[in-house]
Every structure is written in structure tokens, then in C-alpha cells.
Amino acid sequence: MVIDVDRYKLVAEIPNTPGVHGVAIAHDLGRGFTTNGGDSSASIFDIKTLGMIGQVATGSRPDAIAYDSASRRVFTMNAGSHDATAIDAALGRVVGTVPLGGRPEFAVTDGRGRLFVNLEDSSAVQVVDTRTLAPVARWPLSPGTEPSGLAIDRERHRLFAVCADSLMIVMDSESGRVITSLPIGRGVDAAGFDPLTRRAYSSNGAGSLTVVQEVGPDSLRVLENVPTQPGARTMALDERSHRVFLVSANFGPPPAPTPEHPHPRGPILPGSFVLLVYGE
């Protein structure tokens, strides 16, 4: 679903994205890319016309996705095969596979040829060279565990990893040094960073948005915990308007747990899906 963020209006839908999880935009190429967990593929579309350009096969169950402007490659984080698929963004073809040695959850790039990947089951950040596709380093996130969302301050070289134990871990993206940990809400999934306001965000499924102010490179503090809506875990940040966008819905009772799904979610109630907008 494509929404005009100035008019808050649904303007289009992009089809053939089964089980879509993530979207990455290559502004310099005029292209967008989605990860389709339903058939282990990535779709490519034109960001102006929103028409489909093509589709490529990825690793198993792609989830997060990131575009690296330095190498002009898109990377899909494949939860099922514990690797990343590297795609030439201009040509729309796979150029390699990067073993990650753990289950990837989210990823960001630094614009200089480095890819940073949160590994949920390893509680670590894997660093990859986007040009050679070689692993560079693996940094533990302790005291944080089971990281999900990841954001980056490219100017001050800071990573913001949000973890299942209600902590935001702030890490030096050049050395892997853990600078500090900050309390966030429960049920976190996504993170964001606004380079102009120097604020990091954590969207928490329990129904809050944690706002962290970057006072200095090694000085951060929780500014506010904004009430949102239960289930509002997926986030997008508009650096132009400095607004945060979340999505949620109303849910029915969850099904019984199974070994494959120990924490099942309830079904979304029809007609309850909403876009939530937050700003000053």
C-alpha cells in the first residue's frame, strides 16, 4: 500500500508481493524493492509510476531489506536460510549470497560500504563489506538480547539496536563498542533515527513510542514515552517533516501456542487497520 504522507491518502497498491515484509528505496536509481516472505523473492518497482519492473529469487523467507548506495546493491535478510542475498539494484539480478551465521532481523548501511545486521538468535551485530560481500566483524550487543530493529547515525557513527529485553543498545559503528543501554517499552520491533533532530525512536508493540535524545556522541537520554496503540510495532520516519508513522489494527483472541509458534498473534479484525502519525 502506497500512501501520500502530505495528504494522508492511499494512492496505489503494488501487487504480487506475497508475504511482504520490508521495502527499500534506491532514490538514485528511481527504484524500490520489497521482500516477499511468501515465495522467497524480491519485487522491483518504479518509484514514480509504481509499476512493476521485475522479480528475483532470494534466500529463504526474506524479511528486512536495505539499500547500499556505495555499492548500488540491495540486501535482503533471509530469516529461513540465515543469510543475505545481494542484488545489483540497477540490473535487478543476484550477485551473491552472504552467510550470516545467525537469524537476521534488521539491517542498515553506513553509505561507505558497510552493512550492519542484527542477529536475533545470536544477540549480535554482523558487519559485512558490501562490495566484497565478506564478513568484517561480529559485535556482541550485551546487555541486550534478541535484537530486532536497528537504526544508524551516520555522522556520529552510532548504531541503535532495540532488544526484546526492553533495552536500546547504543553502539559505535566503527569499533563495536557498546556506549550505553537505555530503557524502552515492551514488545519492540522497529527503530529509527532522525539526523536533524538527533532523536532515536523505538516502536513498542505494548503501545508506546520511546523517544531518545542524542545530546552528544556518548550522551543520550530518554526524552519521552509516547502512548500509541497496542500492536503498533512497524515504523517509518520522514526526515523531511520529522514525523513518525506507525501501523496497527485491532486483534482477535490468539490461537493456541504450538512448538513452531510459541507466541501466536490473534487475527486482525477486518476494517481495523490504521496508519498512526506522530510529530511535534
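**View 1. Strands β12 and β13 of this predicted model pair in the antiparallel sense.** The pairing joins β12 to strand β13, which covers residues 124-129, and runs over six bridges. Within this pairing, V117 stands opposite Q126, a residue of β13. The two strands form a hairpin with four residues between them, and in this hairpin S123 takes a positive phi near 50 degrees.

**View 2. Strand β12 also pairs with strand β11, again in the antiparallel sense.** Strand β11 covers residues 104-109, and its pairing with β12 extends over five bridges.

**View 3. Strand β12, seen by itself, is mostly covered.** The strand is made up of residues 114-119, and five of its six residues are buried. Strand β12 has antiparallel pairings both with β11, over five bridges, and with β13, over six bridges.

**View 4. F160 and F193 form a stacked aromatic pair.** The structure holds two aromatic pairs, and the one shown here has its rings 5.2 Å apart, centre to centre, with 10 degrees between the planes. The pair counts as stacked because the angle between the planes is under 30 degrees. The two residues link distant parts of the chain, since F160 belongs to strand β16 (residues 158-163) and F193 to strand β19 (residues 188-194), 33 residues apart. F160 counts as buried because its relative accessibility is 1%, and F193, with a relative accessible area of 6%, is buried too.

**View 5. The second largest pocket is lined by 14 residues.** Its volume is about 250 Å³, and the lining residues that lie nearest the centre of the pocket are R199, Y201, V211, G279 and E280. Sorted by class, the lining of the second largest pocket consists of seven nonpolar, four polar and three charged residues.

Definitions and conventions
Residues numbered from 1 in each chain as written. Predicted model: local features only at pLDDT ≥ 70, side-chain atom pairs only at ≥ 80, totals over all residues. Heavy atoms only, no water. 1 Å grid on protein atoms, 1.4 Å probe; cavity = no way out; pocket = protein on both sides within 12 Å on 5 of 7 lines; lining within 4 Å. Points joined across faces, edges and corners; volume = space filled by probe spheres on them. Nonpolar A, V, L, I, M, F, W, Y, C, P; charged D, E, K, R; others polar. Phe/Tyr/Trp six-rings, centres within 6.5 Å; stacked < 30°, edge-to-face > 60°. Buried < 20%, exposed > 50% of the residue type's maximum accessible area, 1.4 Å probe, protein only. Pairing = 2+ DSSP bridges.
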